[in-house]
Amino acid sequence: MVLSDVLNVLKGSLESTGLFYTIYPIAEIKRTIEQGRPRTFPAAPKGQGQYINIELDSSGGMTYFRRNGSVNLRAARADDIPRIQITSCGKADDYYVMGYSFKQVCFIDKDKAGCIDGFEDDSLAYQIIAAVSDAEISINDVVSTSVTASQYETDRLKVLQGEYSNYSEINDLNYNYAYFSIDWDLQIIAKRTCLNPCEVNYN
């Protein structure tokens, strides 16, 4: 599937920064009932319906992407695709324009920011935005891919509220670590034959 290929390319770009010990290319908010109370938390798939709970600790930098809204989908128009692509790959209506919104959550040692002036979170966010935005994505049957950061949030309480329903109980968050999120808009123009969601490997 094109989306998993793109996310794995972005994972490689993030690995090259040296900021993270663990990178989950895709995660989602899971919901469970614990001690009679509903709880939500981020988790990453590991196959066969099993998930890894994403916990905040200080064993190293961690990041994950998760969907953040509906997927926009429409048939491509001729002006979406360069003429050379239409000539060599087929008609414009053989392609779809797919728009995804993602939230990337990051937990990184502030020492990696290169500054100690109160703007460590911003410095790390800029490094990540540069790495992801500059990723060279080349995938068969994909006409174009664009990844754009729309905003980032450095208020760790707001980030916690969006990821964990028991955020008020998380009292041991290491303040030597930056904890922030980045919102991404991803657009892919690809052949309809690349949309099969069963051909996915997140390992």
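The questions and answers below go through the side-chain pairs, the cores and the strand pairing of a predicted model.

In this predicted model, local features need pLDDT of at least 70 and side-chain atom pairs count only at pLDDT 80 or more, whereas totals for chains, interfaces and linings use all residues. Residues are numbered from 1 along each chain as its sequence is written, and side-chain values use heavy atoms, with hydrogens and water left out.

Q: What makes the pair of Tyr126 and Tyr152 a tie between parts of the chain?
A: Tyr126 belongs to helix α3 (residues 120-133) and Tyr152 to strand β7 (residues 142-153), so the pair joins parts that are 26 residues apart in sequence. Helices (H or I, at least four residues) and strands (E, at least two) are DSSP runs, numbered from the N terminus.

Q: Why is Tyr126 called exposed?
A: Buried means under 20% relative accessible area, exposed over 50%, and partly exposed in between (1.4 Å probe, protein chains only). The relative accessible area of Tyr126 is 52%, and Tyr126 is therefore exposed. Tyr152, at 26%, counts as partly exposed.

Q: What makes the charge of Lys30 count as sitting over the ring of Tyr51?
A: The criterion asks that NZ of Lys or CZ of Arg be within 6 Å of the ring centre and within 35 degrees of the ring normal. The charged end of Lys30 is 3.9 Å from the centre of the Tyr51 ring, and it is found to sit over that ring.

Q: Which other salt bridges does the structure hold, and what do they link?
A: The search of the whole structure finds 3 salt bridges. In one of them, the side chains of Arg66 and Glu163 meet at 2.7 Å, N to O, linking strand β4 (residues 62-67) with helix α4 (residues 156-163) across 97 residues. Arg66 and Glu163 are both buried. In another, the closest N and O atoms of Asp183 and Lys103 are 2.6 Å apart, which links strand β8 (residues 177-191) with strand β6 (residues 95-109), 80 residues apart. Asp183 and Lys103 are likewise buried.

Q: Why is a set of residues called a nonpolar core?
A: The term stands for a set of buried Ala, Val, Leu, Ile, Met, Phe, Trp, Tyr and Cys residues joined through side-chain atoms within 4.5 Å. The largest such core has 33 residues, and those with the most contacts inside it are Phe102, Ile128, Phe180 and Ile188. Among the elements that give two or more residues to this core are α1 (2-15) and β1 (22-34), while β8 gives the most, with 7 residues.

Q: What is Phe102 in contact with?
A: Contact means heavy atoms within 4.5 Å. Leaving aside neighbours within four places in sequence, the partners of Phe102 include Leu3, Leu7, Ile26, Phe65 and Trp184. Ring pairs also link Phe102 with Phe65 and Tyr100 into a cluster.

Q: How do you know that β1 and strand β2 (residues 37-47) pair?
A: Two strands pair if DSSP finds at least two bridges between them. β1 and β2 share 7 bridges in the antiparallel sense, so they pair. Lys30 stands opposite Phe41 in β2, and Ile29 stands opposite Pro42 in β2. β1 is also joined to β4 by 4 bridges, in the parallel sense, and Thr22 stands opposite Met62 in β4.

Note on methods. Rings of Phe, Tyr and Trp (its six-membered ring) pair if their centres lie within 6.5 Å; planes under 30 degrees apart count as stacked, over 60 as edge-to-face and the rest as tilted. A salt bridge is a side-chain nitrogen of Lys or Arg within 4 Å of a carboxyl oxygen of Asp or Glu.
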